[in-house]
Structure formats: structure tokens, C-alpha cells
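This report reads a structure from its atoms. Look at the sequence and the fold before going on.

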Amino acid sequence: MSHTVEHDIAQNVMHLRINRPEKKNALTTDMYTVLADAVDAAREDDDVRCLLLTGTDGVFSAGNDIGDFLENPASGDDHPVARFMRTMAAFPKPAVAGVVGPAVGIGSTVLLHCDLVYAGASTRFAFPFVNLGICPEFASSYLMPRFMGYARAAELILLGEPFTAEHALSCGLINAVVGDGEAETIARTTAEKLAAKPPHAMRTSKDLLRRWSREHTQQAIREEAELFMAMLHGDEAKEAFTAFMEKRKPDFSRFS
Ligand code: COA
């Protein structure tokens, strides 16, 4: 088990904790492997009736590791990030997230695949794909307009600016804004509540909630990934990633 993603099972809840606070819980290829394997295991294990996703030390996740984007860009359907997205989007049991601090990139898009999300008041969400020379992922181009309407989805995706937990609540991305110190506890209590309910009725109800959009969601994940993976090799992305690593502002003035 990787130290940077921890998981344990208690009270029929599998708790997945992203734990790389020194890099704001940025996710590497190895971390996606652990996440994908754990979600697969949670699906198969009858003792697990709910998934709980949190970060650690006041940080949810700053998204994909940008160094990894540069040195080890994802490619192909069997890449761990692709596997994680597919399995998380198809997870048949309820999933609850407790977030606080940065929830950026996949740290925000993963929430579209959780059923209940509690965010600390200081959480800062962002979908910064355009600013990084890449495009939406994890079916966000499909699910965000559905969840919040086109105008708000376009604002969040095309401007890519950070936004508050209150705004996330008004967009229907999360269920409640809570105290920073309470997000994980409230998420856990809720996960345990869900896990104590009749499991077949729970799975059937979640299946129905997601059934009508499931095919489009998986199609969106595939089609976005094709574009996204190609764009990782593009000059705009290279400029954005290099600028982040060099702690400077990116300069896109030479691109057409
Ligand atoms: N990939 C790689 N390293 C990252 C990272 C990422 N996505 N996000 C943060 N880090 C690293 C920083 O480089 C820094 O490392 P260092 O201490 O070795 O210099 C460390 O984590 C702390 O980050 P820092 O930027 O100093 O923290 P902050 O509190 O000032 O800002 C964020 C937090 C999340 C707003 C900022 O780190 C950020 O914008 N990260 C990039 C988010 C992003 O674009 N992700 C990709 C989405 S597709």
C-alpha cells in the first residue's frame, strides 16, 4: 500500500485518504494506481457499503502532479488515471467526500462522481484546464452543464478561476459548507449512515440516479481523455507546466 494514498475499512466504509500534504496532495501515476485498485476492491468487497474520500492536513488535492504531466504524461486507456476515472464513475455503492483547502483539477472533477460532498468553508475549488493548455476531463464537460447549467459551467471551465465553497454550493457541486475542522467528521458520519441502510436498496437507488447519464459519462471520459492526452504534449501545456515548475507566470503570447 502506498503511503501517499491510505485506505482502511471500518463500519462498512472504505476510507480513501490522499496523503501527500507537502505537495498539496498532487496526484502521481502511482497514486492513481492505488486509488483505482482500492475503488475496484471496494466494489467487489461485500463488507464495503460506502466509499469515503478525503485528503489530509487541511488539503484535499491540488490535482494531477504537474511534474508528472511533464515527465510522465498519461497515455492510453490502461493508464492508471484512465482506470481510476472509469472505475470511480461506475462505482455502484454510495461515495461521500469531505474536502478542505485546495480542490483543483481532478481534485474538483472527482467530486462530480461522489454522491454527497461536504466542504470546509476555506475550500478553494478550480477547474484550471484552459489555463494549463489542456481541456476538461473526467466527464466534467458533460456533467458540469448538467449539474449547474451552461452559463455557470462555461464560467468555471473557460475562466478556470478558483472559487469558494459557497459558490460550489450554489452551483450544486457540493451538498453543504461546513467548518474546516468538521468536513471529514461530517463526511464520515454521513458515510456510516449510508452504510447502515439496506445495501440492495441503496445500490439500486444509486444505480437509478446515475443510470440515465452513465453511458454519456463514460463516453465523455473517453473522448475528453483522447484530446487531453494529445494536449499534454502540446506547446501551450508545456509552457504552462514549465512556468508552474519555474514559479513564474506563463506567457501564451506567441501561440495562435
Ligand atoms: N503538481 C505538482 N506540485 C504541486 C502541485 C501540483 N499540482 N500543486 C502544488 N504543488 C507543490 C508546489 O510546487 C510546492 O512545492 P515546493 O514546496 O517543492 O515548491 C508545494 O506543492 C506547495 O505548493 P504551493 O504552490 O507553495 O502552495 P500554495 O498554498 O501557495 O498554493 C495551490 C496551493 C493548490 C493553489 C497551488 O499549489 C497550485 O495552484 N497548484 C497547481 C494546481 C494545478 O494547476 N493542478 C493541476 C490541475 S489539472
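Which backbone oxygen does the side chain of Asn19 reach? The side chain of Asn19 reaches the backbone oxygen of His3, at 3.4 Å. A polar contact here is a pair of N or O atoms within 3.5 Å; within protein, one atom must be able to donate a hydrogen and the other to accept it, and residues adjacent in sequence count only if both atoms are side-chain atoms.

## Basis

This is a predicted model: local features need pLDDT of at least 70, side-chain atom pairs count only at pLDDT 80 or more, and totals for chains, interfaces and linings use all residues. Residues are numbered from 1 along each chain as its sequence is written, and side-chain values use heavy atoms, with hydrogens and water left out.

## Around Asn19

Asn19 sits in the loop between strand E2 (13-18) and H1. Helices (H or I, at least four residues) and strands (E, at least two) are DSSP runs, numbered from the N terminus. Asn19 is buried, with a relative accessible area of 13%. Buried means under 20% relative accessible area, exposed over 50%, and partly exposed in between (1.4 Å probe, protein chains only).

Neighbours within four places in sequence aside, Asn19 is in contact with His3, Thr4, Glu6, Asn25 and Thr56. Contact means heavy atoms within 4.5 Å.

## Nonpolar cores

In soluble globular proteins, nonpolar side chains tend to be buried together. A nonpolar core is a set of buried Ala, Val, Leu, Ile, Met, Phe, Trp, Tyr and Cys residues joined through side-chain atoms within 4.5 Å. The largest core in this model has 66 residues. Leu51, Phe84, Met88, Phe125 and Ile134 have the most contacts inside it. Helix H1 (residues 29-44) supplies the largest share of this core, eight residues. Apart from it lies another core, of 10 residues, including Cys50, Tyr118, Ala191 and Leu194.

Take Ile134. Leaving aside neighbours within four places in sequence, Ile134 is in contact with Phe69, Phe129, Phe228, Met231, Leu232, Ala237 and Phe241.

Which residues of helix H5 (residues 140-148) are buried? They are Ser140, Tyr142, Leu143, Met144 and Met148. Their cover includes helix H4 (106-109), helix H6 (150-159) and helix H9 (199-231). Gly149 follows H5, with a positive phi near 90°.

Thr190 lies in helix H8 (residues 183-195). Thr190 counts as buried, at 13% relative accessibility. Not counting residues up to four places away in sequence, Thr190 touches Leu116 and Tyr118.

## Cysteines

How many disulfides does a search of the whole structure find? The search finds zero. A disulfide is a pair of cysteine sulfur atoms within 2.5 Å. The sulfur of Cys114 is 9.6 Å from the closest cysteine sulfur, in Cys50, so that pair is too far apart for a bond. Cys114 is buried, with a relative accessible area of 5%. Cys135 is also buried, at 12%.

## Ligand site

There are 17 residues around the ligand, counted if one of their heavy atoms lies within 4 Å of it. Lys23, Ala62, Asn64, Ile66 and Lys247 come nearest.

A side-chain N or O atom of Lys23 is 2.6 Å from an oxygen atom of the ligand. For Lys247 that distance is 2.7 Å. A polar side-chain atom of Lys24 lies 3.4 Å from a ligand oxygen atom. Taken alone, the ligand exposes 870 Å², and the protein buries 64% of that. Accessible areas come from the Shrake-Rupley method with a 1.4 Å probe; for residues, only the protein chains shown count as cover.
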